[in-house]
Amino acid sequence: MNEEKEVEEQPIPLVIQKLEAHHADALLSQGEMRGTVVVVVRKEQAYAVLEYLKTDPELAYTFLVDITAVDNSQMESELMQFDYARYMVVYQLYSYQGQCRLRVKVPVHENDLNTPSVTGLWQGANWLERETYDMFGINFEGHPDLRRILMPDDFEGHPLQKDYPLRGRGERESFNFDKQNA
Amino acid sequence: MGLTNTDIQSAQGVEQTDGNIITTTIDRVVNWGRKNSLWPMPFGTACCAIEMMATLASKFDLSRFGSEAIRFSPRQSDLLIVSGRISIKMMPVLKRIYDQMPDPKWVISMGACASCGGVFDTYTLIQGVDQFIPVDVYIPGCPPRPEDLIDAVLQVQQKITSGASPKGVEHLLET
Ligand code: SF4
């Protein structure tokens with residue numbers, strides 16, 4: 001009985017409190033994973049929320065650690081959670097001031113792969129978004145230079161999508177020597 | 001490489017007459033020189049390259065076999081060591097570097113990845129560089145030990161001594 005009580009009394013993280021106060025309508029879900037606070041945010045308000053997280057003097061998540069994505073198309077339970085959004089774009093943030101991490105997830109539907117670019121907030125997002133575009137096909141709107149970064153320019157498809165065959169579609173044998181040399 | 005009398009006497013195709021005169025063929029002399037001064041072009045793209053570095057460093061010391069002059073310009077080298085995974089984006093670069101090397105040139109494919117793709121049977125990895133450039137010596141292993149690389153260099157040397165042409169020009173000789 002005692003233990004349960006202690007669990008209940010755990011303080012709500014500051015970031016959750018503040019997000020609930022300022023961006024309650026954007027918040028789809030919140031939780032914790034191995035000591036990291038995880039919030040899921042509506043795509044339409046994602047930019048505003050990230051901007052708030054970065055600029056708020058108390059939170060100050062000034063360091064964008066990583067941007068990546070997850071393709072949930074083969075995990076029914078995950079898929080259903082957010083209205084069958086196939087992709088989840090993931091932002092890992094760190095606050096030097098609070099010395100804490102935060103994971104922001106943004107569900108993206110297959111039929112609308114556009115999502116706002118955060119290059120305006122963090123310059124370092126440039127290559128991270130290019131990589132996510134290259135691997136998953138997420139289209140970051142407002143990105144200054146959304147080209148492939150890992151795969152050759154003339155590559156077709158986005159290899160980390162779950163329906164992309166592991167051994168490729170014959171690119172290994174048929175890639176274009178000359179075009180890439182140009 | 002100091003030459004002793006026994007070296008000269010035991011060498012194939014070399015005859016010593018009285019005094020200090022030896023006779024041989026120009027090919028043998030040239031090959032002897034080539035064999036002992038292979039200048040490698042390292043193409044290290046992954047973990048195998050670490051073993052290559054170890055081979056070149058003092059402990060294993062590839063310079064004992066005349067191959068320590070690593071050239072980072074393909075135009076100055078005659079031995080290409082492909083050590084590591086080659087992706088479909090890197091293959092044109094590798095091919096270009098191979099093309100830039102002056103003849104005669106030899107190629108060592110070091111490790112499982114360069115030779116056959118290794119464990120990376122994926123959309124982006126070349127399953128064996130020999131599909132695109134001629135390879136003279138393959139080294140198995142993941143990664144091969146430095147001794148294996150030394151052995152491969154020695155095999156290239158043997159190939160040169162025997163007068164065999166590099167894989168890269170064999171097709172030219174056939175026609
Ligand atoms: S063969 Fe093994 S050690 Fe060499 S590059 Fe491949 S994975 Fe790395």
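Two residues are in contact if their C-beta atoms, placed from the backbone, lie within 7 Å. The exercises below apply to a predicted model.

**Exercise 1.** Find how many residues of chain A are in contact with chain B, and determine which helix gives the most to that side of chain A.

*Solution.* With the cut-off of 7 Å in hand, one finds that 12 residues of chain A are in contact with 10 residues of chain B. Turning to the helices of chain A, we see that α6 (171-174) and α7 (177-181) each supply at least two residues of the side that touches chain B, and that α7(A) gives the most, with three residues.

**Exercise 2.** Work out the order of the five strands in the open sheet of chain A, and explain why β1 and β3 each have one side without a neighbour.

*Solution.* The strands of chain A follow the order β1-β2-β5-β4-β3, and their pairing is mixed. In chain A, β1 (27-33) and β3 (63-71) stand at the edges with a single partner strand each, and therefore one side of each has no neighbour in the sheet. On average, and with direction ignored, neighbouring strands of this sheet are turned by 20° against each other.

**Exercise 3.** Describe how β4 and β5 of chain A are joined, and state which helix lies across both of them.

*Solution.* Strands β4 (residues 87-95) and β5 (residues 100-108) of chain A run antiparallel and are joined by nine bridges; A:Gln92, for instance, has A:Arg103 in β5(A) as its bridge partner. Helix α3 (residues 43-55) of chain A lies across β2 (36-41), β4 and β5 of that chain, running at about 165° to β5(A).

How values were computed
Residues are numbered from 1 along each chain as its sequence is written. Chains are lettered from A and ligands numbered from 1 in the order in which they are written. This is a predicted model: local features need pLDDT of at least 70, side-chain atom pairs count only at pLDDT 80 or more; totals for chains, interfaces and linings use all residues. Two strands pair if DSSP finds at least two bridges between them. Helices (H or I, at least four residues) and strands (E, at least two) are DSSP runs, numbered from the N terminus. Axes are lines fitted to C-alpha atoms, for helices over the stretch in contact, and angles run from 0 to 180 degrees between N-to-C directions.
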